[in-house]
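Keep the structure open as you read.

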Amino acid sequence: MRLPLIAAALAPLPAFAEPPQVVTDIAPVHSLVSQVMAGVAEPELLLQGGADPHSVTLKPSQARMLERAQLVIWVGEDLAPWLARAIDGLARAETIALLEHPATSLRDFDGSDAALEEEDGHPDDDREHADDGEEDHEAGHDTEAHDHDGTDPHAWLSPDNARAWLGAVAEELAARDPENAETYFANAQAAIIDVTQMDAAISARLEPHAGAEIVTFHDAFGYFAATYGIDILGSVQPGDASAPSAAALSALKDLVDDHGVTCAFSEPGSDPGLLEAIETGAGLHTGVLDPMGSTLTPGPELYGKLMTGIATVIDTCLTEG
């Protein structure tokens, strides 16, 4: 049963005889949870490789993963409304929706801070696969476009949120598995130190580019840009499942020309022709930004490599531009 975070916090948590079977949704969350659980158990990762978290058709292997889970740790319904329905239909596990955690700092797609509704702890906004040769499972199907308004769910790209989530996950696991509580807290503290060092290194690397304007493929990097002083002038794709119109591309091209933008970024699997459509006479330097770590090996080290990789690509492009 999927429980709201606040309601779950008020209810007594079951203590498990063994460490709980944990399922995470996306690779960055899996990486953070893996760090907290190191030496105790390994969480499972629901979405592998380049699977789009916004719209998924569950395969039988993924359905079975949810059915045997005791705890599901996921970003939340703003990122994956299909997973909310899949959990309701398949899982008997408790859940932790990280976007709903009070320690999470949220932003709207317009750059403002997102407020939480007191009534139910959900952000105040409109909510709207990888092929392994298995038959699709209907429970997780979602064909709705993920429109980019309201709360920005890509909150893992904020190091502040990563630190907050590490602590929150340790507390949640310790409450359910007291025998390993000391390990969870020690692991979380060590991971928080690592994230802090990573954050400082990225800040130093991107500081010379403070205020620089870039174009991204879709609006997924707001948390990262806000943290490190980069200005995202616009995005090529208006939503995760919507193609840009010719008029929108023309307007973005004019904006790039007017502002003298030198760097635009695609994503793994995106159409490179869309970046070509906004090139001006001076040309654009381009790179590939991966918000999900889809090209990285899942595991504890993925989060640091993901964040450092984004910083490296941006720094390289702006330096060359």
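**The nonpolar cores**

The largest nonpolar core has 78 residues, and those touching the most other members are Leu66, Ile73, Leu83, Trp156, Leu157, Phe224 and Ile314. Helix H10, residues 302-320, gives the most to this core: nine residues. Bear in mind that the model is predicted.

Turn to Ile314. Leaving aside residues up to four places away in sequence, Ile314 touches Leu206, Ile214, Phe224, Phe265 and Leu289. A second core is separate and holds 13 residues, including Leu233, Val261, Ile278 and Leu284.

Where is Ile214 found? Ile214 belongs to strand S5, which spans residues 213-218. Ile214 counts as buried because its relative accessible area is 2%, and buried means under 20%. Which residues does Ile214 touch, not counting residues up to four places away in sequence? Among them are Ile230, Ile232, Leu233, Val261, Cys263 and Phe265, along with Ile314 and Leu318. Asp231 and Gly234 are also touched by Ile214. Thr286 is 72 residues from Ile214 in sequence; in space the two are 10.0 Å apart, C-alpha to C-alpha.

**Helix H3**

Now look at helix H3, residues 60-68. Its buried residues are Gln62, Ala63, Met65 and Leu66. They lie on the same side of H3, because they cover an arc of only 155° around the axis. What covers these buried residues? The cover includes strands S1 (22-24), S2 (44-45) and S3 (71-74), and also helix H4 (81-90).

Note on methods:
Residues are numbered from 1 along each chain as its sequence is written. This is a predicted model: local features need pLDDT of at least 70, side-chain atom pairs count only at pLDDT 80 or more; totals for chains, interfaces and linings use all residues. Side-chain values use heavy atoms; hydrogens and water are left out. A nonpolar core is a set of buried Ala, Val, Leu, Ile, Met, Phe, Trp, Tyr and Cys residues joined through side-chain atoms within 4.5 Å. Buried means under 20% relative accessible area, exposed over 50%, partly exposed in between (1.4 Å probe, protein chains only). Helices (H or I, at least four residues) and strands (E, at least two) are DSSP runs, numbered from the N terminus. Contact means heavy atoms within 4.5 Å. The arc is that of the directions from the helix axis to the C-beta atoms.
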